Amino acid sequence: MTDVLLSVEGLTVHRGARRILDDVSFSLGRGETLALVGESGAGKSTIAAALMGLLAGQARVEGTAAFDEAPDLLSLPEKAWNRLRGRRLAMIFQDAGAALNPCYTVGSQLTTVLRRQLSLGRAEARARAIALLESVGLNDAAARMSAYPHQLSGGMQQRVMVAIALACDPDLLFADEPTSALDVTIQAQIVRLILDQTKQKGASCIFVLHDLALASQSCDRIVVLYAGQVMEAGPSETVLRDPRHPYTRLLKSCVIEIGTSELDPPPGSVPGYDDLPAGCRFASRCPRALPRCRTDKPRLEEVAGRSLACWNPEEAA
Amino acid sequence: MTRPAEGHDPQPLFELIEVEKVYMVRRPGSVFSTAKVGLPALDGVRLKIRKGASVAIVGESGSGKSTLLRVLLGLTRPTEGRALYQGRPIDEVRAEGREFARQVAMVYQDARGSLNPRMTIGALIAEPLRHFAICPETDLPARVKALLARVGLPAEVADRYPSALSGGQVRRVAIARALASEPTVLVADEAVSGLDVSTQAQLLNLLRRLQREMALTLVFITHDLGVASYLCEDIAIMYLGRIVETGPTNAVLNAPAHPYARALRRAAPEFFAPITEPLPGEIPSPLDLPPGCRFSGRCDRVQPDCHLSDPALLRFGGPAANRAAACFYPLTESPTAPQKRDIHA
């Protein structure tokens, strides 16, 4: 990574007595795509919310996140956030139908961003908005400007979300499970659209995903999370071809591809935040757990081209 | 779908013959008009499900999966064609009493929504046992415990309420409830979607084990081809109210004949494979069907005559292959010539 855009160090989020993110560190280069993967409750969306300054009031955030020339996003005052969000940081939400305002037309939601962030005039914003809708593959874009979100299909709503997110050419785009509410062939279209658009604009993208196969196809780097801790992180090729953390390996073995004949999932499910072990949070389900795994937390260390937090990692495949 | 290897063809458990279901709906956009238009949810559906089979029904939203399910369960009467259970019309069998409902059990897509939040898990599982008079009242607690064990839940879950269970546990309870009536057929609508991969894998293994142990006939609705190939021997792929391809799951997925089946296959994420060119466009509205083949507007192999008439689901590759596709220009070349014209159009 030559040109680092985002560098997260020791990101920890407390909600009451619960540590919902525990010492998360990763970095991302300019123009790179990164996948945050893990099961529900792993903290994927919390990371995105923390880096967008969208965590609700009661959450306590520690750590730093250096973004471009800003030394730390996490200590910015609200006003500074408002200048970054929408302009340099943008987000595509999981459920476009819920994220778009049902009372305003597509055109009005799109031009609002352009006029507010880029101080464009009415006509200029409209022209730009139509061009944006065309670039995300909405046919008949001028007519779609006056459509309300409910008049669009799920795939088209998600295209509008992509257009709004990319309206101000952000440096970093968060896509929180952008396709999980969509049909299979539409999913493929949207993933392709996000990748093409970010590449074209030179933006970096953080995908929140639960599909490891999709992560391997679409992302340069991957961060595997479990119950708020980073288990393994690195280039997705390295990590997914030869996972060294028992959790990554188990997660990969649960992915069903066509022709999969046997599945061997770990027993149990992700623990609640109230009864987490003191050491590695995966220890209670880990087939390779040692006594010390339950008491001492493993640190992220550089092993075989990736970062790994494990006392008893798997051998090379 | 019958197995050719078994020689003489026993009567299939379910048989759908040219089933058509048209819903009358108000024309969209007309607020005051009461004029109704027909929405064809199912059109010319032919499907045989033999006893002990496992069939995946795959398709995107609007393809008619749920309507097909309602027809199979006898909840919707087809507008045209016949839907048979053991050779007799399903609605007739259903009207005779509880036996059909006991034999054919359903696992709903929204498992949590299908469970009364004010009943304990024990009471929820005892409900079908009482309704179908499966066992005497005194045996109920033991029966509930056995059913919980069968789906891999600890006995103490019986005293809890659905809100205290995780998503995966709730699905297990829904499966236990379906199994309570000792059914021979299990119909599951997206029973593993929206779960974490490890939970999904656990449930798939459970369903596979149950199907084998109890010799259940399994009809599994899913949008995930991987799930279909893991759980089901046979597959039926639907598009806009029609079955466009059927056959043994592995054969269909390894060499799809219908261009839509191939597009679905390619859209499924695969480790380290380059992302393929996605299928353009979206499913058209069933109120505004394209002329000819319904897939013609999105098909990359479309020919002029695809717009003229709708291809029927015809067999190809001989009886041993047990495959059928509804396409004038299928992808798999077969010795028996592919169909040229639809006699049913």
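Me: Leaving aside neighbours within four places in sequence, which residues is B:Phe220 in contact with?
Reply: This is a predicted model. In it, B:Phe220 is in contact with B:Val55, B:Ala56 and B:Ile57, with B:Ala188, B:Ala191 and B:Val192, and also with B:Leu207, B:Val227, B:Leu231 and B:Cys232, once neighbours within four places in sequence are set aside.

Me: And which residues touch the most other members of the largest nonpolar core?
Reply: That core has 139 residues, and those touching the most other members are A:Leu133, A:Ile194, A:Ile222, B:Ile175, B:Phe220, B:Ile235 and B:Ile237. Another core, of 35 residues, lies apart from it and includes A:Trp81 and A:Val208.

Me: B:Ile175 sits in H6(B), I think. How many residues of that helix are buried?
Reply: Eleven of the 14 are buried, so H6(B) is largely enclosed by the rest of the structure. B:Ile175 is one of the buried residues, as are B:Arg171 and B:Arg172.

Me: What do the buried residues pack against?
Reply: They pack against strands E6 and E7 and helices H4, H5 and H7 of chain B.

Me: What comes just after H6(B)?
Reply: B:Glu182, which takes a positive phi of about 50°.

Me: Back to H4 and H5 of chain B. At what angle do their axes cross?
Reply: They cross at roughly 110° and come within 9 Å. The range for roughly perpendicular is 65 to 115 degrees, and H4(B) and H5(B) are therefore roughly perpendicular to each other.

Me: Which kinds of residue make up that contact?
Reply: Eight are nonpolar, one is polar and two are charged. Among them, B:Ile125 and B:Arg130 belong to H4(B), and B:Arg143 and B:Leu147 to H5(B).

Conventions: Residues numbered from 1 in each chain as written. Chains lettered and ligands numbered in written order. Predicted model: local features only at pLDDT ≥ 70, side-chain atom pairs only at ≥ 80, totals over all residues. Heavy atoms only, no water. Axes fitted to C-alpha atoms, helices over the stretch in contact; angles between N-to-C directions. Helix = DSSP H or I, 4+ residues; strand = E, 2+ residues; numbered from the N terminus. Parallel < 35°, antiparallel > 145°, perpendicular 65-115°, else oblique. Contact = heavy atoms within 4.5 Å. Nonpolar A, V, L, I, M, F, W, Y, C, P; charged D, E, K, R; others polar. Core = buried A, V, L, I, M, F, W, Y, C linked by side-chain atoms within 4.5 Å. Buried < 20%, exposed > 50% of the residue type's maximum accessible area, 1.4 Å probe, protein only.
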